[in-house]
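Colleague: I'm new to this one, could you walk me through it?
Modeller: Gladly, just ask as we go along.
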Amino acid sequence: MTGGPGGDADVVVVGAGAAGCVVARRLADAGADVLLLEAGTAAATPLAGLLDIGPGSRVVARHPATLGDTALELPRGRAVGGSGAVNGGYCAPARPADLEAWGQGWPRRYAVGLARAAERLRPRLAPMGPVAAWVAAAFPGRVAAVPQARSDGRRVTAFDAWDPAGAGVRVRTGAAVRELSWAGGAVGGTGGARRCVGVVLDDDEAIAARQVVLCAGTIGTTVLLLGSGIDRAGGHPVGHRVQEHPELLLDVPAGLTAVADAGLGAGAGAGPDAAGGLPPLLSHVVRLDLPVRERGWVPEIEVRPYAVPMHRAIPGLGEVPHRIGVALMNPLGRGRVHADGSVDLPDDPGDATALAEATAFVAERLGIDGTVTRSTSHHLSGAARVGEVLDDSGRVLGVEGVRVADASVLPSLPLCGPYYTVLAVAEDLAARMVAERAW
């Protein structure tokens, strides 16, 4: 779609990514008049395994970031399906231990939300390709399969699986939201309830709603909240202490992965599948624990045997070596998202030491001595955490009429990729809105 019906609504959902599609569908099923706004206009490719985040992409927004003294660029999906339309489709659920710190009731709530998400998305396991098999053989008993959001060579996004338009949701693309609108004109001031009454688009169009649900992603939601007056000065630490999975990329000598790089028969998943999709970028991971550190911290590591070099999966990217990812899944460091959408990621000494030790261990076990590149896992979360910025139902504390339901809400980052968790939590928060008849 390049446009859609406008007008006021019971509920405006901002962002047609993973959380936005879930929330819009569930509220429409419950009888709400829902308008789903998406800033992007171009359609993402349906080809499974393709990460359309390269320099010529029309379906991402790019945000400058720093990781210590390293400058990075963080692409985020800007199309229906959101970042789920351009990521690797990695669908690992959080473990119960990941949820214990979220508060009483969250393990049960998460389990129910995950079951509802699984009914829609139906992620599938993929065969182990040659690179994953090579890495798994070096770490017997440590390998785990990663379910994939794909079917017959096609990517399955939340927009595909939840089909909000099929439930009567009015989906409008090319609708970039500039700010929230407030009763009385502003969120500030003393006395009385602070009530959100809709949104204002970049072209100054105002849309009224009884409820606004922000699902614009960790960066987009932060920018909207801060730009609308919801900030630390008012008791809301929006954008503070965000979490990310730092990752080191270890170059692998070309001869060791030549078969997989060429996409020739040496194992299931080595090349394009029967429907033309690329092999899953990450079908299996290896999980390792490092020795206990100060404060009882046990660094947990995820080794990622990427199936192909990144330039085969990212259109327009110059040729790069085949790489193995080594990611820290329970980092100590916390970062910051700013009002302009830029991001400062932490360069915590403990995290850096643990990652360096883990990468050296992996390289030694695999018998390689490759160059190491600093990166992140693109798992940024926690900019508007439940319990600090939001209540247990996703409502912004002290404010009426506005909620958040995307990765921003996570009290802590799970020890896996957060995509499946975002879907599960969005299911839970949508169910709470339905139970309250919030609109």
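Colleague: Which residue in β15 does Val 286 stand opposite?
Modeller: Val 286 has Val 303 of β15 across from it, and please keep in mind that this is a predicted model.
Colleague: And how do β14 and β15 pair?
Modeller: They run antiparallel, with 4 bridges between β14, which covers residues 284-289, and β15, which covers residues 300-305.
Colleague: Which helices pack on the sheet there?
Modeller: Helix α4, residues 130-138, packs on it and touches β5, β14, β15 and β16, with its direction at about 140 degrees to that of β15. Helix α9, residues 349-366, also packs on the sheet, where it touches β13, β14, β15, β16 and β19, and its direction makes about 30 degrees with that of β13.
Colleague: What's the strand order in that sheet?
Modeller: It is an open sheet of 6 strands, ordered β5-β14-β15-β16-β13-β19 and paired in the antiparallel sense. At the edges are β5 (143-145) and β19 (372-376), each of which pairs on one side only, and from one strand to the next the twist averages 30 degrees.
Colleague: Switching topic, how much space is in the second largest pocket?
Modeller: That pocket holds about 260 Å³.
Colleague: Which residues lie nearest its centre?
Modeller: Of the 15 residues lining the second largest pocket, those nearest its centre are Ala 43, Ala 44, Val 80, Phe 159 and Asp 160. Both β7 (154-155) and α5 (158-162) supply at least two residues each to this lining.
Colleague: How many of the lining residues are nonpolar, polar or charged?
Modeller: The lining of the second largest pocket divides into 8 nonpolar, 4 polar and 3 charged residues.

Key:
Residues are numbered from 1 along each chain as its sequence is written. This is a predicted model: local features need pLDDT of at least 70, side-chain atom pairs count only at pLDDT 80 or more; totals for chains, interfaces and linings use all residues. Side-chain values use heavy atoms; hydrogens and water are left out. Two strands pair if DSSP finds at least two bridges between them. Axes are lines fitted to C-alpha atoms, for helices over the stretch in contact, and angles run from 0 to 180 degrees between N-to-C directions. Contact means heavy atoms within 4.5 Å. On a 1 Å grid over the protein atoms alone, a cavity is a set of points where a 1.4 Å probe fits but cannot get out, and a pocket is an open set with protein on both sides within 12 Å along at least five of seven lines; lining residues have an atom within 4 Å of a point. Grid points are joined across faces, edges and corners, and a volume is the space filled by probe spheres set on the points. Ala, Val, Leu, Ile, Met, Phe, Trp, Tyr, Cys and Pro count as nonpolar, Asp, Glu, Lys and Arg as charged, and the others, Gly among them, as polar.
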